[in-house]
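Colleague: I would like to learn how to read the features of a model like this one. Can we go through them one at a time?

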Amino acid sequence: MRNQDVKTLLSIQGDSEVFAKIAKEPTNCDVFIKSSIKVARDGKFDGLNLQWLYPSTFGEMKDFETLLNLWRKVVAEDATNLCLPELLLVATLSNVPYFIHNIQYPVQAIKQKFNWVNVISYDFYTPSSSNNAIGPSLAFNNPRDNTLFAQFGIQSWIQALSKLSHKQIVFGIPFHGWAWKLANSHQHQVFFKADGAAQGDNILPNGQIYYYNVIHFIDNNQAEVESFDKNALGYFATNIAADDAVSTFTNSAKSNW
């Protein structure tokens, strides 16, 4: 029997260039919206999750607003025509309600049109964005930066969506980690020096390592699990290869290894 309290979403992800082309042209926008609703209905989903990562110009933010307004309108029409409940509309958004301080999400439209928002409260530090130093991917707090952490982002969205229930803001937790090659194998704490992404089995070229491979990494390398980091709210694992003194450092959202 289906659990009526569980809601399933059809998640549609794309980079800024893809969604910008869709949202900018009315014909493309119409086709995208109607096809997404059809796929969601055919698959018995309860709703749709838009992951536009990320609208980053004034024009893209305006097109984002146009897209979500039209999407809600067509979703309502679809529900009326089929005599069914409206599909849920959800958006996955950046950690803060703006791309840069003067390019902001259309907060009023988000409050009115989306059922809730998923906030990407992770990937603050990766080997790509922090090539020379290890950083916490899931930084709930951050003593090194007064904006680059999850708590700041959530508070910013709560303030921006002042009339939106806190229950409608979903805090994102990653099920992946990142691996760095250490500059000094004996220094492997947060913010110590690194030499780009680590390489190894089950580690992607950009240093990303999925949750289940973090477990394999620990087991296969007898990696040492560091103490729980109270700022990042995460654990870290280190492996030092005896033959070449190279160390890898991994961060994961797993609460207990």
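The dialogue below takes the features in turn.

Colleague: What should I know before reading any value?

Modeller: This is a predicted model, where local features need pLDDT of at least 70, side-chain atom pairs count only at pLDDT 80 or more, and totals for chains, interfaces and linings use all residues. Residues are numbered from 1 along each chain as its sequence is written, and side-chain values use heavy atoms, with hydrogens and water left out.

Colleague: How many helices and strands does the protein chain have?

Modeller: Helices (H or I, at least four residues) and strands (E, at least two) are DSSP runs, numbered from the N terminus. The protein chain has 6 helices and 13 strands.

Colleague: What share of the residues is buried?

Modeller: Buried means under 20% relative accessible area, exposed over 50%, and partly exposed in between, with a 1.4 Å probe and protein chains only. Here 47% of the 257 residues in the protein chain are buried.

Colleague: And what do the contacts say about sequence separation?

Modeller: A contact means heavy atoms within 4.5 Å. Take the contacts in the protein chain with a separation of 6 or more: 68% of them come from residues 24 or more positions apart.

Colleague: Which residues of helix 6 are buried?

Modeller: Helix 6 covers residues 211–221, and its buried residues are Asn-213, Val-214, Phe-217 and Ile-218. Down the helix axis they fall within an arc of 145°, so they line one face of helix 6. That arc is taken from the directions from the helix axis to the C-beta atoms. The face turned away from the buried side carries the exposed residues Tyr-212, Asp-219 and Asn-220.

Colleague: How does helix 3 compare with its expected span?

Modeller: The expected span of a helix is 1.5 Å times one less than its number of residues. Helix 3 has 25 residues and reaches 36 Å from its first C-alpha to its last, close to the 36 Å expected. Its buried residues include Phe-64, Leu-67, Leu-68, Trp-71 and Arg-72.

Colleague: What does Arg-72 touch?

Modeller: Arg-72 lies in helix 3 and counts as buried at 13% relative accessibility. Leaving out residues up to four places away in sequence, Arg-72 touches Glu-86, Leu-87, Leu-89, Lys-113, Phe-114 and Asn-115. Arg-72 and Leu-88 are 16 residues apart in sequence and 9.2 Å apart in space, C-alpha to C-alpha.

Colleague: How do helix 1 and helix 2 pack?

Modeller: Axes are lines fitted to C-alpha atoms, for helices over the stretch in contact, and angles run from 0 to 180 degrees between N-to-C directions. Helix 1 (residues 16–24) and helix 2 (residues 26–42) pack at about 105°, with axes 5 Å apart. The two are therefore roughly perpendicular. For the classes: under 35 degrees is roughly parallel, over 145 roughly antiparallel, 65 to 115 roughly perpendicular, and the rest oblique. Helix 1 makes the contact with Phe-19, Lys-21, Ile-22 and Lys-24, and helix 2 with Pro-26, Asn-28, Cys-29 and Phe-32.

Colleague: How should I read an aromatic pair?

Modeller: A pair of aromatic rings is described by the distance of the centres and the angle of the planes. Rings of Phe, Tyr and Trp (its six-membered ring) pair if their centres lie within 6.5 Å; planes under 30 degrees apart count as stacked, over 60 as edge-to-face and the rest as tilted. The structure holds 12 aromatic pairs. Phe-64 and Tyr-105 have ring centres 5.7 Å apart and planes at 70°, so the pair is edge-to-face. The pair links distant parts of the chain, 41 residues apart. Both Phe-64 and Tyr-105 are buried. Tyr-125 and Phe-191 also form an edge-to-face pair, 5.5 Å centre to centre with 80° between the planes. These two residues are 66 residues apart.

Colleague: Which residues do ring pairs link into a cluster?

Modeller: The cluster holds Phe-19, Phe-32, Trp-52, Phe-64, Trp-71, Tyr-105, Phe-114 and Trp-157.

Colleague: What about the backbone?

Modeller: Most residues other than glycine have a negative phi, and most peptide bonds are trans. Lys-44 has a positive phi of about 60° and is exposed at 62% relative accessibility. Phe-191 has a positive phi of about 75°, but is buried at 19%. A cis peptide bond joins Leu-53 and Tyr-54, with omega about -10°.
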